[in-house]
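This report concerns aromatic ring contacts in a protein model. Please consult the sequence and structure shown here.

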Amino acid sequence: MEGLDAVSVVGTRPDVRGGSGRAISGVAVAGYYLVSAVVSPLGGRLVGRLGPGLAMRLACGGASLGLVGIAVASDAHTIVIALTLLGLPNALVQPAANQVLSDTVPVRRQGVAFGLVQSAIPSATLLSGVLLAVFGSQDSWRAAVWSVVALTLAAQLLIRLPAKSARMASDPSAPLPSLPAPVGGAPLMVGLVVGAVLASVAATSLPSFVASTGAARGLTPAQVAVVQVVGSLACIGLRVLAAWRGSLLPGARMLGGVAGMLLVGTAGYALLATSSAVVFGVGVVVAYAFGWGWNGLFNLSVSRARAGRVSGATGLTQGGVFLGGVVGPLLFAWVLDTHGLGAAWLVVAGGAIAASLSIVYAVRRWAGAGEVEVR
């Protein structure tokens, strides 16, 4: 994720030939999300075969190579290809991280752990902004990308093979533990994946169009930046808080908390459709906090519903999230061009409502199947 904002800057630089900055960014980010969406289900299965430790090492290595490609790029096409290929390691990261948390973190602490992992995504966005502010001169944007390469290489030092995987590697003949039956069956997973797609369609419109909406409401760039920072911080805080408090609830009610957050987020999206600058500011914070703050609680819920199959299950749901990342900005742009800014945000709000209803369907499937004992 750290590479996305850097690529937007690359597209505007005179030493990168071929195409406008906005066009480059749009194609590159769409390719990144599309590859992530297509490969994530396979990535989840690969994590199950390789083990999460090795999968995370491969993901970090792939991210380093892709960012190096961006840093040395001399034309727009190379940037698009490099960022698109970054979708491959990105498809391994989430399933691997979720499997590590499920395997190694005590149940009573998993809520905080899942929330902290998901807060890394908006935190990376803030870090990208800081890097671009520091290295944002005409000739030093590549230094920003190289600094992120260094971070991905440093992350390799922090990856350890989980004890469970190490034991299995040392004794391949060791019997595998029996797994609980998948709660809710395939219909529950369908509800989760569809909900993830729709929720992401809504959420990914925020970073893409909040700035232009703020300008249309009469806010200065500095004011829009402040609102976005506050919204990002609210998103980070709620991802941790919701997962922490939600982990204390039974599984079906935990997942119900995701549906409730999406409903509140709907109100934030709807506020963005109004013409008031003050209401816009409130809407941004509410939309970021609740419309994009559900991820930690959602992944924790998936891990509880598919205990022992966490990487495969979250590979599917994360593929839905990435697919929403492709569809959301494109749908918003089309409605914006044909019906205007207010209508575009109302469509986003409708997507959040539909996501909430899909999650409610999954909740009912879970409640009807009973709870899963997690140890």
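The sections below treat ring pairs and then charges over rings.

## Basis of the model

The model is predicted: local features need pLDDT of at least 70, side-chain atom pairs count only at pLDDT 80 or more, and totals for chains, interfaces and linings use all residues. Residues are numbered from 1 along each chain as its sequence is written, and side-chain values use heavy atoms, with hydrogens and water left out.

## Aromatic pairs

The structure holds 6 aromatic pairs. Rings of Phe, Tyr and Trp (its six-membered ring) pair if their centres lie within 6.5 Å; planes under 30 degrees apart count as stacked, over 60 as edge-to-face and the rest as tilted. The pair of Y33 and F322 is tilted, because the ring centres are 6.2 Å apart and the planes stand at 45°. Since Y33 belongs to helix α2 (residues 21–50) and F322 to helix α15 (residues 310–339), this pair ties together parts 289 residues apart in sequence. Helices are DSSP runs (H or I, at least four residues), numbered from the N terminus. Both Y33 and F322 are buried, that is, under 20% relative accessible area (1.4 Å probe, protein chains only). Ring pairs also link Y32, Y33 and F322 into a cluster.

F209 and F332 form a stacked pair, with 4.2 Å centre to centre and 20° between the planes. F209 lies in helix α10 (residues 205–216) and F332 in helix α15, so the pair ties together parts that are 123 residues apart in sequence. F209 and F332 are both buried.

## Charges over rings

A charge sits over a ring if NZ of Lys or CZ of Arg is within 6 Å of the ring centre and within 35 degrees of the ring normal. The charged end of R239 sits over the ring of W292, 5.6 Å from its centre. For R245, the charged end sits over the ring of W244, at 5.0 Å from the ring centre.

Notes. Helix = DSSP H or I, 4+ residues; strand = E, 2+ residues; numbered from the N terminus. Buried < 20%, exposed > 50% of the residue type's maximum accessible area, 1.4 Å probe, protein only.
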